[in-house]
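Please read these points with the sequence and the coordinates open beside you.

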Amino acid sequence: MKSTSNRTNVALNARMVLQLLFLAAGPSIALAQSPGTFMAMVEMRTPRAGHTATLLTNGKVLIAGGWSDIAVNTATAELFNPNSGFIPTGNMTVPRYGHTATLLLDGRVLIAGGGRGDGGYPSNSAEIYDPSTGTFSATRTMIDGHACHEAFLLGNGKVLITGGYDNRGGVTNAELYDPANGTFAATGRYVKETFDLNSCQPAASSMLPDGRVLFVWQDGGAEVYDPDSGLFTKTGNPIVGGQNNGLPAATLLMNGKVLVAGGASDAGFDTRAGLYSASSGTFAVTGNMTIGRTLHTATLLPDGNVMLTGTIRFGGGALTSAELYDPIVGAFRATGDLTTPRALHTATLLNDGKVLITGGSTFGRPTARAEFYTPSVLVSAPQLFGYPEDRQGFIWNAATGVTAWRNTPAVAGDILSTYTTTLAEGGLIPPQISVGGRLAEILYFGAAPGYPRYNQVNFRVPNGVAPGDAVPVRLTYISRPSNEVTIGVR
């Protein structure tokens, strides 16, 4: 939450100013590409649809599971390296499709649920991918089996697992994964009765700027989950209701509202879209999409627009159609077409500002094809600043201006300030800062006083951080993690 009362202008020494002018940049395998267009690239190692794609803290993308052929699921995984393309990594412990993949604060990835490779009911198993070893290992099982569900990393560091279906129909309970002990536990019950919801992804869900989670059910109605109370409460009625086959997409916008677009019903694929306001708890009408969409992706771009790609078509197959939603004018407009028809694919915003599109179903079969989308405005991932030789961060006490280094460490409860880059001007989506693997409370984010090219973030050192001279700090903004720096904590 923004708070001007916590905003402190701290003079930087000359060495720090010089460091602020240095922005790390890495090479990319992408070729020159016109803005607003898609360009085919090297194929994945395995055809996939219904898979996951997760941007890791090292800038690589973990591609895991999915269908590799009609009715054939895969346990294989691979990495997209921006410098060299798709490279192998370890296999999952079991085949999965329609699962979730959630980046944890320590850089590992939680893989949960999904349809099993033997054609059986959705799985309650879960596993952890460790990028440092390139391997998957089993963790505790979920309370219920889940497939086509959703997962969110909450402000308390736990992962909320919601929606989806199991062998009885719609899963009736949400649950929480605690990375500290590797266990799942029940949380509050939905307001809505969900047992009769048995389609894939029966809800469109999105984080809200205040850390709560919005759910828009497939057949009407919406509710909000509050991590502090662990309870779901009813909220306003969606504009687009009666999507009895579900599959809309929900996207948190820079202005703090949530765009809910598309979905399928008995009447066909919906072109309508609505906006949810967390402050009023109501939905409002916005412009219609250029075509009806379902099984599509919706990706928030750093310039504030939302890119929607792909959909299935009546009679089978998929489309190459893509469009952009502009929240300033509240309208959709066409952009360049995909190079391959897709549905059930993934779209991942990369550190260089491009979007990686992978896999999906084309005409009934999964594809290994991948492509890049280049937005009209390329915005790189955020950066934190520190000494290159030891990654000691330029992060200072907001009250005293003293840097939180090994000889002047911070303590739990201290308010620290740091400069970063590429936060959206006037944006309401807060960044996340992890300190020693624990999320910090954000007190202010916005313009850096006296430094118009940079942004300032004030945050409180969380409790429970293990003391040390080099405690890791990382900032994440619209799903893109910054580089890692260190501070001293005692």
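1. Which side chain meets that of Glu484 in a salt bridge? The partner is Arg474, at 3.2 Å from N to O, a salt bridge being a side-chain nitrogen of Lys or Arg within 4 Å of a carboxyl oxygen of Asp or Glu. Because Glu484 lies in strand S44 (residues 480–489) and Arg474 in strand S43 (residues 468–477), the pair ties together parts that are 10 residues apart in sequence; strands are DSSP runs of E, at least two residues, numbered from the N terminus.

2. This is a predicted model, in which local features need pLDDT of at least 70 and side-chain atom pairs count only at pLDDT 80 or more, while totals for chains, interfaces and linings use all residues. Residues are numbered from 1 along each chain as its sequence is written, and side-chain values use heavy atoms, with hydrogens and water left out.

3. Arg474 is buried, with a relative accessible area of 15%, whereas Glu484 is partly exposed at 27% (buried means under 20% relative accessible area, exposed over 50%, partly exposed in between, with a 1.4 Å probe and protein chains only).

4. Gln432 itself is in strand S39 (residues 432–435), and counts as partly exposed because its relative accessibility is 28%.

5. Elsewhere, Glu78 and Arg48 form a salt bridge at 2.9 Å, N to O, and both are buried.

Definitions and conventions:
Helices (H or I, at least four residues) and strands (E, at least two) are DSSP runs, numbered from the N terminus.
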